[in-house]
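Try each task before reading its solution.

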Amino acid sequence: PLQFENPGTVAATVTCVAPTATEFTVAPLWIPVPAGGNASTTISFSSAAAGPFTGTLNCSAGAQNFTYSLSGTAAATPLTSTNFRKVPS
């Protein structure tokens, strides 16, 4: 989770733009943060292909802009089978 804190006396809304790197998902992209409180969004990483991946998450609240660098590495998934059939000899 990525947490936003609002030390002010007025509620604010943080709006994020989904990363263009499709391996990263963010939900929710629109985060209401109460006055004097906090709220969060969740960043997830998933890839069917092995390798390192990078992306950027851009968010804003009023005139404030926040940029977060994202990175993740996916490992190759070995092929396995649990369904064996005996071949007649």
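Before we start: a contact means heavy atoms within 4.5 Å. Keep in mind, too, that this is a predicted model.

**Exercise 1.** Find out which residues cysteine 16 is in contact with, leaving aside its neighbours within four places in sequence.

*Solution.* Start by skipping those close neighbours in sequence. What's left for cysteine 16 is Phe4, Leu29, Ile31, Leu57, Asn58 and Cys59. Next, look at the largest nonpolar core, which has 16 residues. Cys16 is among the members that touch the most others, along with Phe4, Val14, Ile31, Val33, Leu57 and Cys59. Then ask where the core comes from: S1 (2–5), S2 (12–17), S3 (24–27), S4 (30–33), S6 (51–61) and S7 (64–74) each give at least two residues. S6 provides the largest share, with four residues.

**Exercise 2.** Work out the strand order of the open three-stranded sheet, and why one side of S1 and of S3 has no neighbour there.

*Solution.* First, the order is S1-S5-S3, and the pairing is antiparallel. Now check the edges: S1 and S3 each have a single partner strand, so one side of each lacks a neighbour in the sheet. On average, neighbouring strands here are turned by 20° against each other, ignoring direction. Finally, zoom in on S1 and S5 (residues 38–45), which are joined by four bridges. Glutamate 5, for one, has asparagine 38 in S5 as its bridge partner.

Methods: Residues numbered from 1 in each chain as written. Predicted model: local features only at pLDDT ≥ 70, side-chain atom pairs only at ≥ 80, totals over all residues. Heavy atoms only, no water. Core = buried A, V, L, I, M, F, W, Y, C linked by side-chain atoms within 4.5 Å. Buried < 20%, exposed > 50% of the residue type's maximum accessible area, 1.4 Å probe, protein only. Pairing = 2+ DSSP bridges. Axes fitted to C-alpha atoms, helices over the stretch in contact; angles between N-to-C directions.
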